[in-house]
Amino acid sequence: MESSSPAVPFPLLQTPIETNYRACTIPYRFETDNPRKATPVEIQWIDLFLNSVPSFRQRAETDPTVPDAPAKADKFAQRYTEMLEEMKKNPESYGGPPDCILLCRLREVILRELGFVDIFKKVKDEENNKAMTLFEGVVKLNDAIEDEAKRAENLVRGILAGNIFDLGSAQLAEMFAKDGMSFLASCQNLVPRPWVIDDLDAFKLKWAQKTWKKAVIFVDNSGADVILGILPFARELLRHGTQYLFIRYEPFLSTKDEHLCKKCSH
């Protein structure tokens, strides 16, 4: 049930939020960088999204809910490719400088404008059904780990494995198309520690020493990462003594993106 209370800034964020908070933690650029020239990191990310265009076009052209889907899928690929190439030349195009969130949002804006609401709906339904059949086994496997620290680590690994399963990645989308992709395979493909950002030991220490009264988890809208990664972790939080648990899915687009829609249509 939706709350009637007014929205307020998250109290644990450093204020003022407008100048102190960035959703993307990767340093795409620094203050000394030329604002009119894309940085090497920005170029790498733009190229990553360029490489994913063919897989998104392939998904879009088979969408049965959109009339003339193949032609509209071609329009999407052309528009998005042109936008990405323009951002290489001028990183401030389309609300830049670019980061992962902006690149995702622009892609979604173009798809929505052409009538594609969710080009991954079919595969999401398939993966949700698969994940539900595996959920009980994943939970039992976690419950069988008696050591709390090891159980917490296993749950975190499950979250990471679920996050790896992302059809927005061109490489993983290709793997799925050829052989299928499973949560268990993702678990087995985790890189060994230490990870690039690795606070696991500190987390396990806190896990053993305290219980959080409240927890907020922001999640994707479907898939193994939610069902097999987040839900077992949320369940363990409740068993660990957390009294209030909120799992929140945020729609990717909002009315704030209307200006992007207008610009993308040109």
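Axes are lines fitted to C-alpha atoms, for helices over the stretch in contact, and angles run from 0 to 180 degrees between N-to-C directions. This is a predicted model, in which local features need pLDDT of at least 70, side-chain atom pairs count only at pLDDT 80 or more, and totals for chains, interfaces and linings use all residues. Residues are numbered from 1 along each chain as its sequence is written, and side-chain values use heavy atoms, with hydrogens and water left out.

**View 1. The protein chain has eleven helices and two strands.** Helices (H or I, at least four residues) and strands (E, at least two) are DSSP runs, numbered from the N terminus. Along the sequence, their order is α-α-α-α-α-α-α-α-α-β-α-β-α.

**View 2. Of the 266 residues in the protein chain, 35% are buried.** Buried means under 20% relative accessible area (1.4 Å probe, protein chains only).

**View 3. Helix α6 (residues 148-164) packs against helix α9 (residues 200-209).** The angle is about 130 degrees and the axes lie 10 Å apart. The two helices are therefore oblique to each other; angles under 35 degrees count as roughly parallel, over 145 as roughly antiparallel, 65 to 115 as roughly perpendicular and the rest as oblique.

**View 4. Residues of α6 and α9 form the contact.** Helix α6 supplies E148, A149, A152, E153 and V156, while α9 supplies L200, F203, K204 and W207. Contact means heavy atoms within 4.5 Å. Six of the residues are nonpolar, none polar and three charged; Ala, Val, Leu, Ile, Met, Phe, Trp, Tyr, Cys and Pro count as nonpolar, Asp, Glu, Lys and Arg as charged, and the others, Gly among them, as polar.

How values were computed. Buried < 20%, exposed > 50% of the residue type's maximum accessible area, 1.4 Å probe, protein only.
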